[in-house]
Amino acid sequence: MGKWLRRFSIDEIPQLVNVLRGDMSLVGPRPAIPSEVAQYKLWQRRRLRMRPGLTCLWALRGRDKVDFESWMRLDLQYIDNWSLGLDARIILMTIPQVLSGRAS
């Protein structure tokens, strides 16, 4: 059951509460885990300046198939090129991945 919930990103639904509270946005770098942050290099800390989101460029590239450094670079690419249009494209690209189960 858990594998199915993860495959279709259903386990992310509770985070919508965080979006509604304003703690997260729909699009942005994924929330950082304190143990990860402790290991960040200086250049990676810049991603912490932006509100975390439910989906991002990293999620579109295959989540766990992306190595850590590439993940950080994708987050910084998003931050450096942020626009409402980019957010809209990421959301539109996320929907079919979630519905097809390719988002995991």
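Are aspartate 75 and arginine 47 buried or exposed? The exercises below treat this pair and its surroundings.

The model is predicted, so local features need pLDDT of at least 70 and side-chain atom pairs count only at pLDDT 80 or more, while totals for chains, interfaces and linings use all residues. Residues are numbered from 1 along each chain as its sequence is written, and side-chain values use heavy atoms, with hydrogens and water left out.

**Exercise 1. Classify aspartate 75 and arginine 47, and describe their pairing.**

Solution. 
Step 1. Aspartate 75 is buried, and arginine 47 is buried as well. Buried means under 20% relative accessible area, exposed over 50%, and partly exposed in between (1.4 Å probe, protein chains only). For arginine 47 the relative accessibility is 3%.
Step 2. The two residues form a salt bridge whose closest N and O atoms are 2.7 Å apart. A salt bridge is a side-chain nitrogen of Lys or Arg within 4 Å of a carboxyl oxygen of Asp or Glu.
Step 3. Aspartate 75 belongs to helix α5 and arginine 47 to the loop between α3 and β2, so the pair ties together parts that are 28 residues apart in sequence. Helices (H or I, at least four residues) and strands (E, at least two) are DSSP runs, numbered from the N terminus.
Step 4. With neighbours within four places in sequence left aside, the contacts of arginine 47 include Pro29, Tyr40, Trp71, Met72, Asp75 and Ile79. Contact means heavy atoms within 4.5 Å.

**Exercise 2. Describe the length, start and cover of helix α5.**

Solution. 
Step 1. Helix α5 spans residues 68-80, which is 13 residues, and reaches 18 Å from its first C-alpha to its last, close to the 18 Å expected at 1.5 Å a residue. The expected span is 1.5 Å times one less than the number of residues.
Step 2. At the start of α5, a side-chain oxygen of aspartate 67 comes to within 3.2 Å of the backbone nitrogen of glutamate 69.
Step 3. The buried residues of α5 are Trp71, Met72, Leu74, Asp75, Leu76, Tyr78 and Ile79. Their cover includes β1 (25-27), α3 (34-37), α4 (57-60) and α6 (84-100).

**Exercise 3. Locate isoleucine 13 and alanine 88.**

Solution. 
Step 1. Isoleucine 13 is found in the loop between α1 (2-7) and α2 (15-21), and its relative accessible area of 49% makes it partly exposed.
Step 2. Alanine 88 lies in helix α6 and is partly exposed at 36% relative accessibility. Alanine 88 and leucine 26 are 62 residues apart in sequence but 9.9 Å apart in space, C-alpha to C-alpha.

Conventions:
A polar contact is a pair of N or O atoms within 3.5 Å; within protein, one must be able to donate a hydrogen and the other to accept it, and residues adjacent in sequence count only if both atoms are side-chain atoms.
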